[in-house]
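Here is a short briefing on one protein and its ligand. Look over the sequence and the structure before you read on.

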Amino acid sequence: MVKTILSTNPKSSGSNPATGRSESETPSREFPLEKLRNIGIIAHIDAGKTTVTERILYYTGTTYKIGEVDSGTATMDWMDQERERGITITSAATSCYWRDYRINIIDTPGHVDFTAEVERSLRVLDGGVVVFDAVSGVEPQSETVWRQANKYGVPRICFVNKMDRVGADFQHTMDMIDERLGAKSLNVQIPWGVEADFRGMLDLVEDKAWSFSDKQQSKPEAIDIPPEYQDQFQKAKAKFLEKLAENDDQFLITYLEGRAISIREIKLAIRRATLATKIVPVLCGTALRNKGVQLLLDAIVDYLPSPDDIPPVHGTHPRTGETVVREANDKTPFSALAFKVVADPFVGRLVYFRVYSGCVKPGDQVYNATRENKERIGRLLLMHANQRHEINQADTGSIAATLGLKNTFTGDTLCDISNPVILETIRFPEPVISVAIEPKTKADQDRLGQALNSLSEEDPTFKVRHDKDTGQTLISGMGELHLEVLVERMFREFGVSARVGKPQVAYRETITQHVKVEGRFIKQVGGHGQYGRVWVEFEPAKPGEGYIFVDGIRGGTIPKEYIPPVEQGIRESMGSGSLAGYPVVDIKATLVDGSYHEVDSSDMAFKMAGALAFKEAMERAKPILLEPIMKMEVSTPEEFLGDVIGDISARRGQLEGIEERGTTKIIRCTIPLAETFGYATTLRSLSQGRATYTMEFLSYLELSPNLAEQVVSKGKVRTFGV
Ligand SMILES: Nc1nc2c(ncn2[C@@H]2O[C@H](COP(=O)(O)OP(=O)(O)OP(=O)(O)O)[C@@H](O)[C@H]2O)c(=O)[nH]1
Ligand SMILES: [Mg+2]
């Protein structure tokens with residue numbers, strides 16, 4: 001039922017001269033599920049994800065001119081700031097066709113500050129293409145996205161890009177994939193030449209050499225394995241077959257039979273082992289020089305799953321709490337997960353969703369099971385970066401967007417009204433850094449609220465907090481770049497000029513002791529009084545557990561309906577701890593006893609009692625401050641190593657190891673976030689601009705008592721840099 005984007009594209013007839021392979025014409029309207037691929041392109045910053053995606057769009061005939069990141073013309077990096085900064089900030093979705101398969105792609109950002117974009121994409125995708133820079137191999141952010149993909153059990157293939165660069169090393173990258181990522185890589189190709197002499201690749205599956213010219217329109221040429229490579233090829237092929245047999249029992253039998261093995265048998269075995277996440281096929285190429293992308297497309301089709309290959313989605317029934325299983329099938333009741341909300345200045349509020357079962361049409365009424373409200377689907381759109389194409393149905397496996405949903409947010413489940421289900425939501429990390437923001441004029445003040453509202457709705461790692469004591473608005477995010485980009489968006493998209501304070505660490509508070517406290521809210525004023533009385537045991541929870549509430553009431557000392565208000569009273573009070581007003585985390589509260597009054601008790605009274613119990617517990621359970629610790633990797637030429645390490649130590653950094661990568665030294669360390677502000681400038685001056693670094697959040701750790709004292713005594717005094 002999908003009106004494809006190709007039908008509006010002048011190159012849709014498959015006439016692109018460079019397409020090279022047997023992709024079909026406009027696909028059939030009833031697109032078979034097994035011919036669908038939903039994939040994400042994930043990697044460390046600058047590995048070449050967007051460059052690869054732009055080639056994919058070109059070779060599939062979706063665009064007729066290649067967009068380039070370097071000249072600010074990439075289709076996928078459509079946002080002004082992406083084009084100016086040359087980095088991807090927001091994940092962009094698109095669809096294309098290869099052979100007679102439809103591939104929905106999400107190109108994600110590599111910078112760790114935009115990690116939410118990777119998280120939400122991996123949650124709704126079925127497969128991943130992980131891109132590596134052949135010179136740097138596995139970089140820190142690749143490790144992070146790899147772990148994210150592991151969490152969702154996403155099968156993936158690897159593309160070792162930038163084979164044209166000086167220092168490119170395919171084997172080294174493969175070794176790093178195994179060692180650093182704990183993966184079992186299976187290279188399905190070996191490079192043919194390297195650096196300036198990189199010609200193409202030797203195909204271990206089909207026993208051919210693929211020769212590419214630099215010209216983008218030219219097709220890859222398949223020839224026999226050149227004689228000078230025969231030896232190397234035969235050795236690699238033997239290793240390849242052996243490894244494949246080790247990881248697929250069915251193939252092992254064929255392999256042991258010792259007969260000739262067909263290409264089809266090999267491909268199917270690779271597919272089975274990839275889907276079972278036993279192996280990761282590895283390919284190579286250079287996207288910028290237009291080499292290898294067509295083969296990558298083949299691999300996506302041949303080895304990555306269709307929505308039919310992944311297990312049926314599980315959810316819970318919103319009322320009974322029972323597990324609900326939905327087969328990926330157009331005829332089963334509709335279920336979908338909203339994974340992104342965008343305030344589009346032209347069309348309005350766009351909600352992106354992935355359909356797991358059934359289908360939906362414009363005008364359909366659906367149920368938002370997460371928020372328990374009905375919603376009407378407006379126009380249905382297939383997204384191509386920031387372009388939209390209207391469709392008249394979104395069926396199982398689709399990734400689409402819709403207009404008209406007012407009360408649906410990221411992570412919500414949309415479903416059939418009479419068959420409700422709640423799918424697993426998307427969990428995002430908590431922000432670690434904040435800045436105070438102050439509108440410059442009265443007019444800016446008025447617009448600020450709207451801007452903050454829209455932006456925090458779009459980005460779950462962007463949080464806004466009003467400090468009651470100082471009257472300031474604090475915005476928090478994942479890093480300096482994240483907040484800088486958002487402040488710039490406020491100015492460009494919402495016309496808000498604001499002064500921004502110095503970055504501050506988003507500390508947390510927690511307790512260290514077990515206490516049992518009473519919360520009493522009893523008031524007798526005139527007629528109706530207030531009565532809520534609870535006994536709650538508070539104890540430290542494990543790091544990362546956040547807040548656990550346990551109802552331990554026995555014998556009905558408090559009626560059931562008053563228990564949720566107690567939980568809520570505690571939860572709301574956790575927003576501000578007793579030490580310095582930072583959010584409180586990692587506590588377990590067990591409601592053990594209490595009493596009520598037939599007439600005077602109310603939800604409000606029990607909520608207050610919960611809040612008072614929490615306040616009392618914070619006083620008595622020895623609260624401490626926690627600070628965010630970052631994992632950092634600095635890459636520097638050897639001559640600056642001593643200075644860089646000295647500086648890291650002075651910043652309370654802990655060295656974890658030093659490695660060599662060519663002539664470069666890689667320093668791995670952990671460092672408190674508070675010590676990293678302005679680090680880019682220091683590192684530049686320490687190394688004449690030649691060292692680079694990346695960092696990401698690792699964990700929260702207790703702040704030493706003397707530093708904690710400084711934070712507490714500073715209280716909420718925020719200094720503005722104008
Ligand atoms: N030499 C060489 N450069 C490449 C290749 N592929 C990409 N690049 C360059 O690498 C830089 C980063 O490319 P992008 O495609 O923006 O990388 P990305 O992974 O999308 O980056 P983020 O989205 O910001 O994480 C650009 O300057 C590209 O021109 C390649 O195959 N060879
Ligand atoms: Mg990019």
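Predicted model: local features only at pLDDT ≥ 70, side-chain atom pairs only at ≥ 80, totals over all residues.

Ligand 1 has 19 residues around it. The protein buries 91% of the area that ligand 1 exposes when taken alone, which is 660 Å².

**The shell around ligand 1**
- The closest residues are Lys49, Thr50, Thr51, Asp70 and Thr88.
- By type, the shell holds six nonpolar, seven polar and six charged residues.
- Helix H1 spans residues 49-59. With three residues, helix H1 gives the most to this shell.

**Polar contacts of ligand 1**
- Asp70 places a polar side-chain atom 2.5 Å from an oxygen atom of ligand 1.
- Gly110 takes part through its backbone: one of its polar backbone atoms is 2.9 Å from an oxygen atom of ligand 1.

**A buried histidine**
- Where does His384 lie? His384 belongs to strand S18, which covers residues 380-384.
- Is His384 buried or exposed? His384 counts as buried because its relative accessible area is 9%, and the cut-off for buried is under 20%.
- The side chains of His384 and Thr94 are joined by a polar contact of 2.3 Å.

Definitions and conventions
Residues numbered from 1 in each chain as written. Chains lettered and ligands numbered in written order. Heavy atoms only, no water. Near = heavy atom within 4 Å. Polar contact = N/O pair within 3.5 Å; in protein donor to acceptor, adjacent residues only side chain to side chain. Areas by Shrake-Rupley, 256 points an atom, 1.4 Å probe, with all protein chains shown as cover. Helix = DSSP H or I, 4+ residues; strand = E, 2+ residues; numbered from the N terminus. Nonpolar A, V, L, I, M, F, W, Y, C, P; charged D, E, K, R; others polar. Buried < 20%, exposed > 50% of the residue type's maximum accessible area, 1.4 Å probe, protein only.
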